[in-house]
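Here is a short report on a protein model, written for someone who likes to know the cut-offs. Have a look at the structure first.

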Amino acid sequence: MLQKLLIANRGEIACRIMRTARQMGIRTVAVYSAADANAQHVKLADESVYIGPAPSSESYLVIDKIIAAAQATGADAIHPGYGFLSENERFAEACAKHGLIFVGPPIPAIAAMGSKSAAKAIMSDAEVPLVPGYHGDDQDLDTLRAEAEKIGFPVLLKAAYGGGGKGMRVVNHSGEFTEALQSAKREAQAAFSNDKMLLEKYLGNPRHVEIQVFCDQHGNAVYLSERDCSVQRRHQKVIEEAPAPSISEFTRKAMGEAAVRAAQAINYEGAGTVEFLLDTNSKFYFMEMNTRLQVEHPVTELITGQDLVQWQLLVASGEPLPLAQEQIQLNGHAFEARIYAEDPAHEFLPSTGPLTVLRTPELSAHVRIDSGVIEGDEVSAYYDPMIAKLIVWGSNRTGALRRLVTALNDFRVAGVRTNVDFLRSIANHPQFQRAELSTRFIERHEQDLFADTSALEDDYATMAALAELVQSQQSQQAWFANPGLQLNQPAQFTLTLQHDGQPYSVTLTAHGDGWQRLPDQRVWRASWQHDRFRIHCNERSFFAHVLAAAGDITVMTEVASIRLQRYDVLLELQHEQATGGMVAPMNGTVVAVLVANGDEVAEGQPLLVMEAMKMEYTIRASHAGTVEQIFYESGELVSDGAELVRLSASA
Ligand code: MV4
């Protein structure tokens with residue numbers, strides 16, 4: 001058995017791996033960057049090693065530093081988690097070279113899945129169903145075009161070495177083919193340093209269903225049910241569940257067995273995930289195999305009662321799989337929702353900053369939270385801005401879904417914007433409740449999921465003012481008996497907020513035992529109850545949480561969570577706007593400059609493309625004008641707020 005395990009990762013997954021290692025009596029070593037000196041994964045580990053500056057390219061991705069840390073601490077194995085070096089062949093090789101156990105598959109298995117086209121050839125031989133397409137070496141434009149015609153449009157172009165939807169294009173007509181191919185190749189080259197493409201028949205409305213497989217070093221291989229991860233936005237999973245709803249036992253078994261064949265075809269060991277596209281006619285097709293533990297593995301753990309990290313560590317130690325296929329039993333239903341520090345109203349831009357408030361739902365046998373941060377920690381711009389994974393179990397899908405909604409209601413976060421309301425909108429959506437899932441779910445239901453809360457803002461501002469008033473009255477009561485209320489004229493209370501850069505005042509005027517915000521006739525009251533406010537508005541009452549941080553006030557009810565800005569932060573904001581608007585929305589890399597000095601551009605015209613957090617952002621002209629200066633070239637790093645392009649003043 002392993003004695004000491006180094007975890008070459010950070011955040012929730014590092015913490016999650018350490019929890020199991022500790023239970024198994026394995027000692028743990030954390031590695032950390034300058035940004036993570038006080039991170040939870042460092043506090044949880046028995047030992048820790050500093051590995052360099054905050055950017056992961058200088059710390060968590062530097063193979064030599066990780067190996068040196070393992071050697072310095074006498075670790076005998078390295079768990080890579082997910083992301084970072086988890087599917088990096090050279091890293092697995094370096095581990096082997098230095099006598100360290102890599103908790104993952106053998107090197108040739110990683111290599112086999114590194115190229116999508118090579119993977120397809122192997123899967124085809126193993127009789128794992130593939131989407132009709134072309135995955136050959138001949139990348140000649142005419143060959144590819146001819147193959148596309150043969151497949152029939154719509155055709156999907158995929159980068160052979162790609163992932164996460166990058167270098168992928170749907171081509172609806174042959175006339176679009178050349179341009180789409182070039183654009184996909186450019187993206188693939190930039191992202192993966194390889195522009196090899198493969199072609200597939202495009203499925204219009206598939207589900208993403210993936211099978212968890214496990215293999216040991218003795219030739220045993222099993223599948224542990226499947227997960228439906230169809231609800232995604234821009235190739236990032238949002239809510240996952242297990243088992244996949246409304247799949248027949250026949251299809252489940254066929255997919256499981258195909259996944260095991262896939263794993264055996266590459267002499268797999270350890271935890272792997274075989275991803276399939278499931279078409280509307282129940283046909284399924286191999287998409288890719290992920291040679292790592294996945295973010296969403298907990299939903300499988302909750303319905304099988306197994307600890308997959310424990311399985312990984314057992315297999316890595318040379319032990320046989322704990323269970324045979326017929327011993328694996330499924331029980332109930334589980335969901336995972338990924339709680340992110342991001343702003344759904346602004347293209348899900350990561351929202352970095354201190355977690356001034358972070359209260360999570362109560363844990364129980366049926367509610368699990370995997371997180372790497374606590375209240376007071378910082379969500380930094382350097383890494384994935386996930387705050388927590390919320391995982392819930394129920395004896396059936398409906399029960400599990402009800403628990404998901406309840407737990408989402410109990411999340412309270414301030415300091416950063418989050419996707420909690422967005423997740424709740426999905427969980428409450430009638431089509432989601434009926435398990436009408438597809439990879440286009442979010443796109444299809446955009447109207448419902450991005451509900452406009454601007455009409456609510458006035459009332460939430462009133463509640464914020466009421467909350468401040470109650471708090472100030474409570475703190476004053478110790479000194480004198482609320483003089484404002486004893487005067488003959490109505491007492492007033494004013495809170496100044498800002499909206500879109502403009503200040504606006506919320507003035508409450510005393511009215512009987514409550515308050516009015518004129519000219520509205522409604523009478524409001526608020527009282528503090530344990531840890532939240534009970535708000536009364538005329539004859540109705542409901543609960544609200546009011547979370548005040550430095551510059552903002554977040555008001556949360558069961559209907560919405562709205563973040564209001566205080567007026568005093570306006571000055572800072574104006575400074576940012578004075579620099580012209582075409583600034584980097586976050587730390588990232590310039591991937592394409594689309595204009596040149598002296599170009600005339602129209603308002604809204606794309607000027608430059610940035611990449612940050614695995615996503616591309618297009619920076620557009622804020623007004624028509626002439627390009628006066630371009631501050632960065634393709635490939636350069638830019639910081640949040642840096643001016644990117646300067647335009648002449650609008651005519
Ligand atoms: C597809 C497809 C439709 N037809 N392949 C997206 C990521 C990449 N790993 C594979 N992806 C897709 N491949 C064919 N032939 C649709 C997608 C797809 C998708 C797949 C799974 C989950 C979410 C998705 C969102 C958009 C497109």
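The notes below go from the overall fold to a few salt bridges.

## About the model

This is a predicted model, in which local features need pLDDT of at least 70 and side-chain atom pairs count only at pLDDT 80 or more, while totals for chains, interfaces and linings use all residues. Residues are numbered from 1 along each chain as its sequence is written, and side-chain values use heavy atoms, with hydrogens and water left out.

## Overall build

The protein has 19 helices and 38 strands (DSSP runs numbered from the N terminus: H or I of at least four residues for helices, E of at least two for strands). Its radius of gyration, taken over C-alpha atoms, is 27 Å, close to the 26 Å that the globule rule gives for 651 residues, so the protein is as compact as a globular protein of that length. That rule is 2.2 Å times the number of residues to the power 0.38.

Of the 651 residues, 52% are buried, that is, under 20% relative accessible area with a 1.4 Å probe and protein chains only (exposed is over 50%, partly exposed in between).

## Salt bridges

There are 41 salt bridges in the structure, each a side-chain nitrogen of Lys or Arg within 4 Å of a carboxyl oxygen of Asp or Glu. One of them joins Arg227 and Glu210 at 2.7 Å, N to O. Arg227 sits in strand 11 and Glu210 in strand 10, 17 residues apart. Arg227 is buried at 0% relative accessible area, and Glu210 is buried at 0% too.

Arg227 and Glu210 also belong to a salt-bridge network whose members include Lys237, Glu336 and Arg338.
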